[in-house]
Amino acid sequence: MSRLPESVVGDAYTSQFAWETLEELVEVGNRMAGQAGEREGAEVVADAFEEAGLREVEIDEFEIPGWWRGSSRLELADPHARTYDASHEVIALPGTPAGDAEGEVVDVGCGTPEEFADADLAGKIAMASSETPEGHGRWIHRMEKYVSAAEAGAEAFIFRNHVEGCLPPTGEIGYHNRPGPIPAVGVSAEVGKRIARYCAADEASAALSVECRNEETSSRNAEAVVGPDDAEREVLVTAHVDAHDISEGANDNGAGSVLVAEVGRLLAQVEDDLDTRVRLVTFGSEEIGLWGAYHWAETNDLDSVKAVVNVDGAGNSRNLGVMANEFDALAEVFADVTDGLGAPLSRRDTISPHGDQWAFVQEGVPAVMAYTESDESGRGWGHTHADTLDKLDVRDLRAVAVQLAESVLAVADDGREIPHKSREEIRDTIDEGYVQELKRGGRWPYDEGARD
């Protein structure tokens, strides 16, 4: 198997390129999809591609349904009157409509299908934790909990963090259909626990108000290539450059974006050894519906894509993991590389619709999501005000960059066969829970006009 020369590995372990690019990216501030900061973030990445010596650097613009945050307010009624309206207490969830709601608050725990089935939510306000109970079998996304609340007749939805630190969580709730049907907000673990106590005593009533805008706007993908021009196929190395507007988006997914640029920089030093062209892409609008990935997949020839390595949430440690989506041949590349480097690798096999790789997986294109693992539960600091640069370490970025570059080099080897699957094979292998989630959220891709 091809390996990076020692000189390139040494460069990777001493370079400041990725870290300095990340510093520049987080200085942008708000990189919310379709807004000015996302445009600036794409330009930062494109400039990094140029500096890395990559070719055909371009920014591709496309239309999306945008969302702009206003103020939010949650007011508890007697006998526990209290008002929450500060950014560290309550925030709107992207995709929510503007609106008001009032009624009894019902705590549905972790928001499993069973908990929703047992709850009477008609005309009430549903509250669910960001946690998925241990042993449930699959992660339950906030969007599924939101849809469950709306379908049960709830007037509004409260998403409470399970990670302490006075950090209300954000995150898209509208799937492909925007805006959603009922107002939705996130509250901190501390606020959520207080409300849960009142719910347990049947003493929780509240009024909720959300101000926001849902309007059409545009987003951007930045891309570049390295490797032979005459190659019939190419390997995609991808990440998303957008981030939620409440934080710097350092780990989710600034780190992924700069790792894509760094992998490109390292591969440019061994360009003559590449059997297959490698295309580096940072997508826009992942956080509000994978719009950038879908745009790329729908406007390019997927038969020419050998494989996709999507990098998301890969900055909080140097312990690499891959969500394999049951593409064994692709996952085995990462296993071989990490074994050769004496590094650990975790692997998840379930086909998951969460992450930009899904736009390719659903079409049968071999795609994995590369991430790093830490001891934190769930997203940790992700999707909160605390996703900031100080949580990351340049040494982790360097180590992960080497593992990713080695893996991409191996994937690009002509001797590595990584077979595609048919749409039917993918459709028939998706876990029934995710099938239900996708259909209820309007994202099931195997019906006529699924994204019209």
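Guide: Axes here are lines fitted to C-alpha atoms, for helices over the stretch in contact, and angles run from 0 to 180 degrees between N-to-C directions. Helices (H or I, at least four residues) and strands (E, at least two) are DSSP runs, numbered from the N terminus. This is a predicted model, in which local features need pLDDT of at least 70, side-chain atom pairs count only at pLDDT 80 or more, and totals for chains, interfaces and linings use all residues. Residues are numbered from 1 along each chain as its sequence is written, and side-chain values use heavy atoms, with hydrogens and water left out.

The pair is helix α7 (residues 250-268) and helix α11 (residues 394-411), whose axes come within 9 Å and cross at roughly 55 degrees. That makes α7 oblique to α11; angles under 35 degrees count as roughly parallel, over 145 as roughly antiparallel, 65 to 115 as roughly perpendicular and the rest as oblique. From α7, the contact (heavy atoms within 4.5 Å) is made by A255, V258, L259, E262, V263, L266 and L267. The α11 side supplies L397, V400, A401, L404, A405, V408 and L409.

As for the whole, the protein chain has 13 helices and 14 strands. Its C-alpha atoms fill a box of roughly 70 × 45 × 40 Å, taken along the principal axes. Of the 452 residues of the protein chain, 62% count as buried, meaning under 20% relative accessible area with a 1.4 Å probe, protein chains only. Among contacts between residues at least 6 apart in sequence, 83% join residues at least 24 apart.

Definitions and conventions. Buried < 20%, exposed > 50% of the residue type's maximum accessible area, 1.4 Å probe, protein only.
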